[in-house]
Amino acid sequence: MKVHDLLHPWQPTSAASEYLERLAHELDVPVSRYEEAASRYDSVGRWLCRDASTLKDMNPDVYVQGSFRLGTPIRPINDDEHYDIDLVCELSVEKTDLTQRELKELLGHEIKLYAKANGMQDAAEGRRCWTLDYAEGAQFHLDALPALPDGASRQRLLVEAKVDSAWAESAIAITDKDHPNYQAVDAQWPHSNPRGYTRWFRSRMTANFRQIREAMALEAKASVEDIPSYRVKTPLQQAVQILKRHRDFMFLDASEIKPISVILTTLSGLSYQGERTVADAVGGILQRMTSHIKQDSGGFSYIANPTDPLENFADRWRQHPERKAAFDRWIAKAREDFEGLTKQVTQQRIVEVAEQSFGAKPARAAASSGPRTFSRSNFFTKAAALLTASHKQSAPWPSVRSGHVSIDSVTWSGKGFSRPIRLQSDSQPLMKGASLIFKGKTDIPAPFDVHWQVVNTGPEAAAAGKLRGGFDEGSVSRGSISHSESADYSGAHTIECFIVKDRHLAARSGVFVVNVR
């Protein structure tokens, strides 16, 4: 990368920026596919945990890893390609109780029984996983990875290597047929940490994820908890999807050397600096990406796993220098193509350039479609003022979400009204002087503390020194949560309910918007 690229970042035209938002939506997996994937891995998980399972006494913990867990899967380029579902089956046994091969065979036995019971072809054994291929037309295959906890000594080693303890505690040991100790009882196993990696990746976009989810709830007039996390797409997730599609299209005929997804995702997460649009995120990531590739003592490339610095995601580059060369070609081409696309002004030229990088089908579809979720431009106008106001304080309690709370009902009474009228979030403006009563509903068991955060906006509240943004302690009376306010200032204002238990944030409602004229 040239030095001037860092000093003079690309400035996308407004037309190109809007187009990339739509392109990201076109590349994303449809909601129905997320739901179908969830159904398939839930089915396998229930099978492995059933009463008759030979694994039941080992307390199988079944969870998803990979792009579906990170929110970065993309549609296949060709109709005959499949979606990959990556599943982990973590068993409560010690590394010194059995060999890698024995652990893998234990899971393989149950996976094969599942395939037979569901009329599927026999499961195939891979280097690390067992693979289930679904019927023709389903476009799914599922990789089930056997694993067990990596042990306290490994966790201490990770913490000593400056890995966050919340990430280190989920480290696992996995099986690998190519490992020298595959058939021996030995404490040295291959390592992984999909849960820790997910926590790290999400930490790179926490604020944006929360703000976008709240904005979607605001627009849908729903509670935050009603918005599934897989429907929320941050600029970081969408940038990863765009970069993965660019890579897939570039290496359509050479898939064996294309840069692997975990490298693109890791370098993107490390490079992301909170950009609020897809175009800015992609541009910033491409400019900073190579600065996070280090050199080991032998002069070979090193891309450390953020949750296990001893793992090098680029370790295969040492034995396969053609893969390093392929990455270098890809990053150079991606920068060139992105700069060329973001300079375009007319829709026709944008589509023509995009076709060369992403393929005709998504490039043309993005030209005629609108975003299938909330409007990001709307979010960064009204919602930005409400959700990211500088006077809005961050929650001071460590978060250990253990339940839900919602603002269940709001009533107001104003001049000339003798009885309360129910109010919806972000509804028509109220007259100043109205009285409001907010009632909350939670499934957190008592005892707990209630706090309410009111954030005012607008020149009247600012002039009166009443922008607020802090936390008011509430009370619980006979199990009922309520809070009273008055509509004193014109503008858009928010209120949110927080449930604190044992000095930790157990639940938050998401904002309720009150407009006052």
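# Exercises on a predicted model

Thr-99 is found in the loop that links β2 (83-90) and α5 (100-117); like everything below, this placement is read from a predicted model.

**Exercise 1.** Decide whether Thr-99 is buried or exposed, and find which residues it contacts beyond its neighbours within four places in sequence.

*Solution.* Begin with the relative accessibility, which for Thr-99 is 7%. The cut-off for buried is under 20%, and Thr-99 therefore counts as buried. Next, set aside the neighbours within four places in sequence; the contacts of Thr-99 are then Tyr-182, Gln-183, Ala-184, Val-185 and Trp-189.

**Exercise 2.** Work out how strand β5 (residues 140-149) is enclosed, and name a residue that stands opposite His-141.

*Solution.* First consider burial: nine of the 10 residues of β5 are buried, so the strand is largely enclosed by the rest of the structure. Then take the pairings one after another. With β2, strand β5 runs parallel, and eight bridges join the two; here Asp-84 is the residue opposite His-141. With strand β4 (residues 130-133), β5 runs antiparallel, joined by four bridges, and in this pairing Asp-133 stands opposite His-141. Finally, β5 pairs with strand β6 (residues 172-174) in the antiparallel sense over three bridges, where Leu-148 stands opposite Ala-173.

**Exercise 3.** Identify which residues of helix α16 (residues 360-368) are buried, explain why they lie on the same side, and state what covers them.

*Solution.* The buried residues in α16 are Pro-362, Ala-363 and Ala-366. Because they cover an arc of only 100° around the axis, they are placed on the same side of α16. As for the cover over the buried residues, it includes α2 (14-27), α10 (235-250) and α15 (347-358).

**Exercise 4.** Describe how strand β15 (residues 449-455) is covered, and find which residue is the bridge partner of Asp-449 in β19.

*Solution.* Start from the burial of β15, which is mostly covered, since six of its seven residues are buried. Continue with strand β19 (residues 491-501), which pairs with β15 in the antiparallel sense over seven bridges; within that pairing, Val-500 is the bridge partner of Asp-449.

Methods: Residues numbered from 1 in each chain as written. Predicted model: local features only at pLDDT ≥ 70, side-chain atom pairs only at ≥ 80, totals over all residues. Heavy atoms only, no water. Buried < 20%, exposed > 50% of the residue type's maximum accessible area, 1.4 Å probe, protein only. Pairing = 2+ DSSP bridges. Contact = heavy atoms within 4.5 Å. Arc of directions from axis to C-beta.
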